[in-house]
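Subject: A structure for you to explore

Hi there,

Here is the structure I promised to pass on to you. Have it open while you read, and my notes on what turned up in it follow below.

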Amino acid sequence: MLQLLRGKKSSLLVKIVLGVIVIGFSFFGIESYFISNTNTSVAKVGRAEISQQQFTERFNQYVQRMVQAMGPAANVSMFQGPEVKHRLLDQMVDEQVLLEANDKLGIDIPARRVQDEILKIPAFQNEGKFDAEQYRQVLASNGMSPLAFEERVRQDLGIRELPAQIAATSSATDAEVDAYIRLRDQRRDFRYVKLDKPVADTSEVKAEDIDAYYKQHQAEFMVPERVALEYVELDASKLEIDQAPDDAVLKDRYEKNKARYVNAEQRLASHILVKVDGKGSPEDQKQALAKAQEIEKQLKDGKDFATLAKQDSADLGSKNQGGDLGWLDKGTTEEAFETALFSLGKGEVSAPVLGSEGYHIIELRDVRPGKTRSFEEVKPELAKEYTDGERERVYSEKAGRLTDLAYQNPSTLEPVAKDLGLTVQKTALFGRTGGDGIAANPAIATAAFSDSVLVQNNNSEPIDLGANHVAVIRIAEHKPTTPRPLDEVRETVRARIVAERVSKQAKERAEALFAQLGPAKGLDTVAAGQKVEEQKGIGREAANLDSKLVTAVFAMPRAQADKPSYRLVDLGGDAYALVQLDAVTDGATTALDAKTREAARNTLQQGIGAAATHDFVAALRKSTKISISESRLQDQNP
């Protein structure tokens with residue numbers, strides 16, 4: 001199909017099919033299907049909409065990730081700019097475009113693939129293996145059900161499907177590989193001088209300059225929007241169960257579930273495997289049986305079983321252990337093997353038994369009889385199960401009542417608390433990135449700043465905090481985004497003005513010196529009095545040089561007719577460098593072995609695939625009707 005698409009790049013079908021690959025697990029929640037028909041969309045993409053709620057949730061998740069990554073240095077106001085919101089919305093638009101294309105083409109992700117993807121996620125694993133209970137707990141702590149998460153995984157796999165296949169069809173010719181190697185392994189000779197940073201301007205900063213700067217940059221000196229919550233919390237683990245079960249109730253449960261308390265008989269076994277060689281023909285089986293019977297005869301003559309197993313067994317897993325298979329229960333081996341094993345007496349050896357792998361000679365070394373645990377032995381387990389069951393029953397009843405009362409009394413939590421014997425608690429003020437205690441849970445922060453809770457002042461729906469653990473919240477106090485008083489940030493403003501003066505001086509000086517470079521004045525003349533550094537044979541991955549300097553050097557045009565090429569490089573932090581490029585040597589293509597060359601081809605094909613995907617995305621977006629509500633978009637704040 002992809003080759004057909006490549007051959008019809010101008011067709012409408014291609015424009016429908018193509019999409020963009022996006023960051024894994026960035027998709028839309030199923031709750032969007034229950035939003036009312038009132039138009040609250042931030043964007044329309046073809047026939048689909050991206051609602052304010054969807055964007056707000058994604059925006060909050062993005063801000064939380066950035067704040068966690070940046071730590072104490074994070075300033076939430078830096079995420080309020082329109083460019084950040086547009087970049088995030090662009091991702092969501094690309095996702096929706098691809099989902100719509102999948103629908104039109106009938107692309108579906110099978111349940112097995114979704115399951116396999118979930119099994120690989122480390123957050124759901126315990127000691128390297130998927131843990132179903134941990135899976136449920138992690139999802140519950142993030143306010144999500146397994147069904148909703150599986151749908152999100154399915155959507156993410158769908159989003160990645162077409163772009164991955166398109167990229168996989170990319171190829172690179174030998175000539176393209178040669179050109180890539182020449183560029184990749186290229187070496188450059190250059191000289192440079194790093195210009196000293198100017199001394200800080202210590203002249204007075206006037207009060208009117210501070211005032212003007214503060215007014216021009218007021219968005220950078222804001223106290224973020226904050227809320228304090230009232231909430232009630234229902235946690236099954238904290239529910240008191242008044243009535244302890246009596247023995248009659250526990251004995252009844254014991255009799256009904258007695259099979260659970262039976263330890264089945266186990267048998268300690270060893271075996272010698274004689275595999276059937278060839279194609280498994282009757283003649284091949286006859287030869288294997290003859291060999292097994294010969295081993296059986298040696299055992300009857302008194303030969304040691306473990307010694308013969310090490311010598312003759314074809315089972316590599318047990319051979320070196322003398323054929324030891326350990327303790328075996330019924331149902332753990334194939335039928336013929338099990339029948340023979342459980343018909344033996346302790347110390348006996350079976351005749352050759354034909355199984356799927358060949359002939360087995362089985363030794364029964366010991367027997368561990370089955371045993372039924374008594375009522376007294378399992379009574380503590382029964383009591384705990386009963387109490388846990390009662391606690392879950394009570395929790396289920398109370399949770400249902402909690403939902404009803406919170407809905408019936410949307411402007412207060414007092415009836416909920418009174419009816420269920422709960423306490424209305426309160427959080428401290430916190431922002432969209434969360435706070436302390438219960439406010440540290442992302443699901444709580446998202447709900448607190450939702451339209452229903454923040455704007456309409458309703459109780460929230462029950463929010464999952466973990467297994468059998470929910471909370472309902474409402475706004476107790478709301479403080480909108482406000483400017484910090486000038487007196488509070490005056491010294492910060494003063495420092496910024498001084499820093500900008502230094503930055504301006506550094507740039508003007510660097511540009512003035514760069515303007516002097518040319519045939520009449522070389523680097524040594526212009527940089528008189530400052531150290532000129534010389535570098536030869538430098539590659540793109542040079543680790544001992546400033547990466548910005550190396551990147552700039554490899555972007556410079558080659559020197560022509562022994563005339564060097566010059567460039568002014570901004571190194572950041574008001575530091576600049578004047579660079580003179582002297583020579584360029586391309587990478588050699590003939591000396592590479594086949595393995596290295598193939599690795600280069602694979603890398604190049606990945607790059608070509610990414611470029612092809614980008615082109616496809618551009619065509620798709622161009623042919624899709626996309627409209628954005630700027631007012632609703634800019635209303636979203638962290």
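How far apart should the ends of helix H19 be at 1.5 Å a residue, and how far apart are its end C-alpha atoms? The helix covers residues 486-516, so its 31 residues should span 45 Å, and the 43 Å between the end C-alpha atoms agrees with that. The expected span is 1.5 Å times one less than the number of residues in the helix. Helices (H or I, at least four residues) and strands (E, at least two) are DSSP runs, numbered from the N terminus.

Before going further, two notes on how to read all this. This is a predicted model, in which local features need pLDDT of at least 70 and side-chain atom pairs count only at pLDDT 80 or more, while totals for chains, interfaces and linings use all residues. Residues are numbered from 1 along each chain as its sequence is written, and side-chain values use heavy atoms, with hydrogens and water left out.

The buried residues of H19 are Leu486, Val489, Val493, Ile497, Val502, Ala506, Ala510 and Leu513. Here buried means under 20% relative accessible area, exposed means over 50%, and partly exposed is in between (1.4 Å probe, protein chains only). These buried residues pack against strands S5 (187-195), S19 (565-572) and S20 (575-585), and against helices H9 (207-216) and H20 (523-526). Contact means heavy atoms within 4.5 Å.

Just after H4, Gly106 takes a positive phi of about 75°.

Lys197 sits in the loop between S5 and H9. Is Lys197 buried or exposed? Its relative accessible area is 51%, so Lys197 is exposed. Beyond its neighbours within four places in sequence, Lys197 is in contact with Val502, Gly573 and Asp574; Val502 is one of the buried residues of H19.

**A sheet and a core**

Next, find the open sheet of four strands, which has the order S14-S7-S16-S15 with antiparallel pairing. Strand S14 (425-426) and S15 stand at the edges with a single partner strand each, so one side of each has no neighbour in the sheet. Two strands pair if DSSP finds at least two bridges between them, and S15 and S16 are joined by three. Ile463 has Ala471 as its bridge partner in S16, and Asp464 has Val470. The hairpin of S15 and S16 has two residues between the strands, and Asn468 there takes a positive phi near 50°.

Which residues touch the most other members of the largest nonpolar core? They are Val227, Leu229, Phe430, Ile444, Ala448, Ile463 and Ile473, out of 19 residues in that core. A nonpolar core is a set of buried Ala, Val, Leu, Ile, Met, Phe, Trp, Tyr and Cys residues joined through side-chain atoms within 4.5 Å. At least two residues of this core come from each of S7 (226-235), H17 (442-448), H18 (451-455), S15 (463-466) and S16 (469-479). H17 gives the most, with five residues. Apart from this core lies another, of 18 residues, among them Val45, Val63, Val97 and Leu620.

His360 is in strand S12 (residues 358-368) and is buried, with a relative accessible area of 4%. A polar contact of 3.0 Å joins its side chain to that of His271. Such a contact is a pair of N or O atoms within 3.5 Å; within protein, one must be able to donate a hydrogen and the other to accept it, and residues adjacent in sequence count only if both atoms are side-chain atoms.

Ser170 lies in the loop between helix H7 (146-168) and helix H8 (174-184), and its side chain reaches the backbone oxygen of Ala167 at 3.0 Å. Lastly, Arg391 is in helix H15 (residues 375-408), where a polar atom of its side chain lies 3.2 Å from the backbone oxygen of Leu239.

Enjoy exploring!
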